[in-house]
Every structure is written in structure tokens, then in C-alpha cells.
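Please open the structure in your viewer and follow the stops below in order.

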Amino acid sequence: MKNTSLRIRNLVIGEGRPKICVPIVGRTEQEILAQAKKLKGSAADLAEWRVDWFADLREPDAVMGTLEKLWKGLGGLPLLFTIRTIAEGGEADISWQEYRALCLAAAKSGFADLIDVEMFAQTIPLTEKLVEELKACGVPVVGSSHDFQKTPSVRAMVERLCVMQQSGASICKLAVTPQSKDDVVALLDATWEMKSRYADRPLITMSMGKQGLLSRLSGELFGSAVTFGCIGQASAPGQIEAGRLAEYLEELSEE
């Protein structure tokens, strides 16, 4: 099927080399805004605020106030709003009701350019409904799934990406954990199968940890449109410094 790109402000995801996303993982508003300053003029193409790291996560007014300052402080760099739950390898121990309310508040605020939704942390009907609500606010959704224990079969990974696509996610993201080199190959195989046979929107895939580093560099070849790097503290195993990542991607680029 035909792959389509997605424009977020001045950034086109799904064309050319993979775009570099740098997470912001501060505990306080001061730390968050300080990290944001480091992204300006860096190799980052977009930023991700990992809201689950925020000490005042359970205070909606504090979350929204910091979100506004962060979005404005990034100076035009697109911002992905992400609450990663403990079940998916994150820090947030909140109810589904709290999760949904924060995502919707971010969408309605006008200060989130993309919002991450964990597609399999709840039942699919619930997440499908949230995706619809967020997109009705005019905000694209990154449907995500993370496995910190293993790498499923190629068929299972492709099926999971297809479910995310059918559920309306604007971008489908899958992260898995390799136990062997064969697992890294399986992730790349699943990415290419999804892109070449089924995808009609951008994909983000990765094999985490040092063993899966190749998957963070080879997105243009196999079909992953975004890769995650770090400036300072990493938010997931295997992330490398954004400047180095940009150099590698440039060397491997088909452009």
C-alpha cells in the first residue's frame, strides 16, 4: 500500500532520513525548561516531553502550565506529549481516567503537536475512543506499544502495527527488547514487511538496548521514520547522543 508522510508544523515525518526525536525527562519545571534550551540549535528535529517523569504529574494545572512554557521555549521545534506508564516501561502510576484527562487537556491546550497513546495498556475500544477524541482536537496521535521483556515473532509484531493503524493512530510505534541478534533481524524484518505491504502512514520501530542499536540507524532503509537520541539523560535503553546520531544518519542517507 502507498505510504504517506505526516507534516507537523514545518517537519515532514515519513520522507527522507529518519527524524531525530530527543526526550525531555526533567523532574521539575526548571529542569524541563533547562533541557529544552539545550535542544535549540541541536540535531533534534522534534522534542518529546516525557510527562511521566514530572514530579507534579498528578497536578493538571501544573502539567498544563509547564507544557505551555515548554512549547513556547522550544522555539518552533515540534513537541510530542508522552505519558509513559509503568506497564510500558515508564514512571507514571496513574489511572486510565487520569491518563485520558491529561492527554485531552494537552490536546485542547494547543501546546502539543503530537500526543502518544499506549494502544495496548488498556482495551482497544478504550484507546480507539481516545485516539478519536484527540484527533477531533486536531492533534495527530502516535500509537505506541513497548515490550521490555522480549521480541515477539515477526507475524505478531506486524499484527500489532496493523491494529494500531486500524485504530486510527497517525503514526504507529513499536519498541521491543532483543535477546539475540536474531531478534534484531526480526524487528527489521517486521518493519519492512509492514512498510512494504500494509502501511499507509509513518512507522516508528526500534530494537532497544545496545544490541538493537542498528535499528536506530537503519530506519531509512527498513521503514522507520523517527529515531530517538538523547542530549544528556536517555529515556530508554540504547539511545545515543543526538549529534552522533545525526552524523550516522547522514552517512547512511539515500538522499
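**Helix pairs and rings**

Begin with α1 and α2, whose crossing is right-handed, meaning that the near helix is turned clockwise from the far one by less than a right angle. Helices here are DSSP runs of H or I with at least four residues, numbered from the N terminus. The model is predicted, so local features need pLDDT of at least 70 and side-chain atom pairs count only at pLDDT 80 or more, while totals for chains, interfaces and linings use all residues. Residues are numbered from 1 along each chain as its sequence is written, and side-chain values use heavy atoms, with hydrogens and water left out.

Select residues 29-39 for α1 and residues 60-73 for α2: they pack at an angle of about 20 degrees with their axes 10 Å apart, the axes being lines fitted to C-alpha atoms over the stretch in contact, with angles running from 0 to 180 degrees between N-to-C directions. That makes α1 roughly parallel to α2, a term for angles under 35 degrees. Their contact (heavy atoms within 4.5 Å) is made by Glu 29, Ile 32, Leu 33 and Ala 36 of α1 and Gly 65, Thr 66, Lys 69 and Leu 70 of α2.

Next select α3 (residues 96-109) and α4 (residues 124-136), whose axes come within 10 Å and cross at roughly 15 degrees. α3 and α4 are therefore roughly parallel to each other.

Finally, display Arg 160, which lies over the face of Phe 120 at 3.8 Å from the ring centre, and then Lys 173, whose charged end sits over the ring of Phe 228, 4.5 Å from its centre; the criterion is NZ of Lys or CZ of Arg within 6 Å of the ring centre and within 35 degrees of the ring normal.

Key
Helix = DSSP H or I, 4+ residues; strand = E, 2+ residues; numbered from the N terminus. Parallel < 35°, antiparallel > 145°, perpendicular 65-115°, else oblique.
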